[in-house]
Amino acid sequence: MKGIQIMNCMRVFIWCVVLGVGSLMVWGCSSEKGRAMNKGNVSKLGCEQKVLYAELTPQEFRRRVAAVPIAYLPLGTLEWHGEHLPLGSDGLQSYGFFIELAKEVGGIVCPMYFLGPDRKRVIDGVEYYGMDIAENMPEAKGYPTQQLAGSAYWVPDETFGTILDATMKQLSRAGFRIVVGHGHGPSTNAFKQYHDEWKDKYGLETFNCWGGPYDRQGLGIQVDHAAANETSLVMALRPELVQMERLPAVDQGWPVGVGGRDPRTMASAERGREAIRLNKERMAKILREALEKLER
Ligand SMILES: [Zn+2]
């Protein structure tokens, strides 16, 4: 008797789940379709909004590339970003921003890099990279040059150029016509340099996310180092990874290896969301114009 009752209960439960998930899918589909209306090629994608390259099947990949041939390349690092932010902050921010942008414009988000170039000094036979080196910091924000915990990303400029070039060749071969690369500052600067070369070699148009009017206001995408801007973006995208309590109190000195406006007084998830909203709007306009040019 008891077994039959349990079986009946299970049946009712399974039907509830099936009906519930089914209606959610219908709702999801119609709302995605609604949003995609009048947005050119994105409407061809129907309700499909899987945007991560690594998760697509060949059929899903073909449809997305045919509709909108844009690849997004998050340029990450495993690098000290203050005591309060995760080591993968650079990739997590650009990856998170690109997912939102790809859902708006179409296109596919590549996995994040974690190798990148940076400045290097050798002192007494020991190599120091990027934020390890305190020499360019203003006096009030200075600290002794040191190996900051967790950083493991540095490659020489030429090596990074080779990695990028191979990536561009492969993305072009796979059918992309536009690549947006952004993230870690020195990686993004390197990416910018090759614009004309990749256009000639692979017929690719490339963009990064800097250059808007918001950068100077601290509302760009990754326009400082672990300070108010990057902290706000991680707070908006991955709040569970931020530990503000790890930073010293405001009257206890400047946090080590943090460059820019004070994250302790100026960072917030709202500020991060505002930066994402402003730059998504700006980049969507740039990319839609670039897509139109491709079609001409
Ligand atoms: Zn960063």
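How many residues lie between S3 and S4 in their hairpin? There are 2, and Asp124 in that turn has a positive phi of about 50°. Strand S3 covers residues 120-123 and strand S4 residues 126-129, and they pair in the antiparallel sense over 4 bridges. Within this pair, Val122 stands opposite Glu127 of S4. Strands here are DSSP E runs of at least two residues, helices are H or I runs of at least four, and both are numbered from the N terminus. Two strands count as paired if DSSP finds at least two bridges between them.

The model is predicted; local features need pLDDT of at least 70, side-chain atom pairs count only at pLDDT 80 or more, and totals for chains, interfaces and linings use all residues. Residues are numbered from 1 along each chain as its sequence is written. The protein has a mean pLDDT (the predictor's confidence in each residue, from 0 to 100) of 88, with 84% of its residues at 70 or more. Residues 1-38 have pLDDT below 50, and beyond near neighbours in sequence this stretch makes 10 contacts in the model. Where pLDDT is low, the predicted coordinates should not be read in detail. A contact means that the C-beta atoms of two residues, placed from the backbone, lie within 7 Å.

Next comes the sheet. It is open and has 4 strands in the order S2-S1-S5-S6, with parallel pairing. S2 (108-109) and S6 (205-207) each have a single partner strand, so they stand at the edges with one side left without a neighbour in the sheet. S1 (residues 70-75) runs parallel to S5 (residues 178-183), and 6 bridges join them. Pro74 stands opposite His182 in S5. H3 packs on this sheet and touches S1, S2 and S5, its direction making about 165° with that of S1. Such angles run from 0 to 180 degrees between N-to-C directions, and axes are lines fitted to C-alpha atoms, for helices over the stretch in contact.

H3 (residues 89-105) also meets H9 (residues 269-295): their axes come within 10 Å and cross at roughly 50°. That makes H3 oblique to H9, since angles under 35 degrees count as roughly parallel, over 145 as roughly antiparallel, 65 to 115 as roughly perpendicular and the rest as oblique. On the H3 side the contact is made by Phe97, Glu100, Leu101, Glu104 and Val105, and on the H9 side by Ile276, Lys280, Met283, Ala284, Leu287 and Arg288. These residues divide into 7 nonpolar, no polar and 4 charged. In this scheme Ala, Val, Leu, Ile, Met, Phe, Trp, Tyr, Cys and Pro are nonpolar, Asp, Glu, Lys and Arg are charged, and the others, Gly among them, are polar.

H9 packs against H7 (residues 228-237) as well, at an angle of about 90° and with the axes 7 Å apart. H7 and H9 are therefore roughly perpendicular to each other. Residues meeting here include Leu233 and Leu237 in H7 and Ala275 and Ile276 in H9. The contact of H7 with H9 has 7 nonpolar, 3 polar and 2 charged residues.

Elsewhere, H4 (residues 157-174) packs with H5 (residues 185-193) at about 65°, the axes being 11 Å apart. Asp157, Phe160, Gly161 and Leu164 of H4 make this contact with Ser187, Ala190 and Phe191 of H5.
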